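Q: I have a new model open and I'd like to learn how to read its features. Can you walk me through them?

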Amino acid sequence: MSIRVEMAGLLTTVQDSGRFGFQKYGVLASGAMDAVALRLANLLAGNQEGAAALEITLIGPKLVFEKAAVVALAGGNLSPAVDGVSLPLWRPVFIPAGKTLTFGRAVSGCRLYLAVAGGIHVPEVMGSRSTYLRAGIGGFRGRALQAGDVLVTGASAAWPEMSSDEVVVLPWGASHELRPAYQDNPVLRVVQGPEYHRFDEETRRKLWTERFRVTPQSDRMGYRLEGVPLALADPLDMVSSAVGAGTIQVPPEGKPIVLLADRQTAGGYPRIAHVISVDLPLIAQVKPGGQIRFEEVSLEEAQDLYVMRENCIAQFRQGLALQAR
């Protein structure tokens with residue numbers, strides 16, 4: 001099967017669950033910004049949850065399905081439609097051959113994931129199909145999609161042959177309880193970072209009481225925030241230290257940066273806090289100009305929330321397996 005790109009959109013890349021095992025060599029993890037949306041879209045499409053899919057940012061592409069396919073869309077609502085008919089998110093959908101998928105206004109969120117039954121077939125680079133744009137590796141020729149590109153998709157044993165000239169929305173999907181609770185201006189739960197107590201008392205108070213605005217300079221590497229400046233109690237010379245998805249670094253000018261999918265492997269700025277894994281999808285869907293606030297939780301609470309989410313996804317996976325029998 002294949003999908004032809006008629007219009008590229010703002011930024012559409014191939015992403016999977018990430019490139020792991022090479023950070024000690026300086027190779028970034030990359031992968032989907034909203035990993036939960038990617039996982040659920042793939043499960044609904046009948047794929048392994050970490051399979052390669054399209055990450056569509058703010059302004060979507062125009063895609064022509066040269067062969068029929070089952071797809072699932074999850075994440076932010078970018079008004080997907082086939083030949084002018086709106087498509088639902090969080091449900092599997094059959095699209096006949098010759099139909100065109102388009103996108104419109106960003107109703108909510110800013111990143112939508114399109115999983116296609118059988119996955120998107122691009123070469124693996126270090127065990128992953130994810131695109132890392134700055135290095136030009138992975139994905140489709142190491143870059144964002146362009147008009148004229150043709151994506152090859154695999155065959156899927158999860159679906160019987162379907163023959164219809166019309167779009168068919170299948171009668172099951174991911175419940176509201178399973179989906180991330182996206183908001184335009186979310187409260188993000190964080191744990192204290194290694195250098196939290198090196199910041200002055202006023203800064204530590206402001207971290208929990210003030211809102212921070214996501215600037216237009218934000219990207220897949222990190223979200224740059226504006227608001228009240230955050231300051232150290234005393235000058236601090238640091239050697240580069242490990243960072244991860246969700247690490248909040250504070251450069252000398254006091255404007256925090258939340259590191260995300262294309263984060264570096266180590267950083268030299270003090271780490272005031274760390275967004276918990278369960279809330280990473282929430283920040284991944286905040287548009288530039290959106291505001292966020294931080295709320296402290298303990299490491300134990302963060303671990304409990306993670307286990308709860310993974311149990312819910314495991315139950316969903318089992319339910320889909322039973323549905324397929």
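Q: Which residue in β4 does Val5 stand opposite?
A: First, the ground rules. This is a predicted model, where local features need pLDDT of at least 70, side-chain atom pairs count only at pLDDT 80 or more, and totals for chains, interfaces and linings use all residues. Residues are numbered from 1 along each chain as its sequence is written, and side-chain values use heavy atoms, with hydrogens and water left out. Strands here are DSSP runs of E with at least two residues, helices are runs of H or I with at least four, and both are numbered from the N terminus. Two strands pair if DSSP finds at least two bridges between them. Now your case: Val5 faces Leu63 in β4. Strand β1 (residues 2–7) and strand β4 (residues 62–65) run antiparallel, joined by 4 bridges.

Q: And which residue is the bridge partner of Leu63 in β9?
A: That's Leu101. Between β4 and β9 (residues 100–102) there are 2 bridges, again antiparallel. As a general idea, side chains in a regular strand alternate between the two faces of the sheet.

Q: In what order do the 7 strands of that open sheet come?
A: Read across, the order is β7-β6-β9-β4-β1-β12-β11, with antiparallel pairing. At the edges sit β7 (85–86) and β11 (120–121), each pairing on one side only. The neighbour of β11 is β12 (residues 150–153), attached through 2 bridges in antiparallel fashion. There, His121 has Val152 as its bridge partner.

Q: Which strands stand at the edges of the 6-stranded sheet, and why is one side of each left without a neighbour?
A: This open sheet goes β2-β3-β10-β5-β8-β13, with antiparallel pairing. The edges are β2 (11–15) and β13 (168–169); each has a single partner strand, so one side of each has no neighbour in the sheet. Further in, 4 bridges tie β5 to β8 (residues 92–95), which run antiparallel. In that pair Ala69 stands opposite Ile95.

Q: Where do domain 1 and domain 2 lie in the chain?
A: Domain bounds come from an automatic or database domain assignment. Here it gives domain 1 as 2–179 and domain 2 as 187–305. Their centres, taken over C-alpha atoms, are 29 Å apart. For contact (heavy atoms within 4.5 Å), 27 residues of domain 1 touch 16 residues of domain 2.

Q: How much area is buried between domain 1 and domain 2?
A: Buried area is the accessible area (1.4 Å probe) that two parts lose on being put together, summed over both. For these domains that's about 1600 Å², with carbon and sulfur atoms giving 53%. In domain 1, Leu28, Met33 and Arg134 lose the most area to domain 2, together 33% of what that side buries.

Q: How many salt bridges cross the interface of domain 1 and domain 2?
A: Side chains of opposite charge can pair when their charged atoms come close. The rule wants a side-chain nitrogen of Lys or Arg within 4 Å of a carboxyl oxygen of Asp or Glu. It finds 2 across this interface, and 18 in the whole structure. Another pair to click on is Arg317 with Glu49, a salt bridge at 2.8 Å, N to O. Those two link distant parts of the chain, 268 residues apart: Arg317 is in helix α4 (residues 299–324), while Glu49 is in the loop between α1 (35–45) and β3 (53–57).
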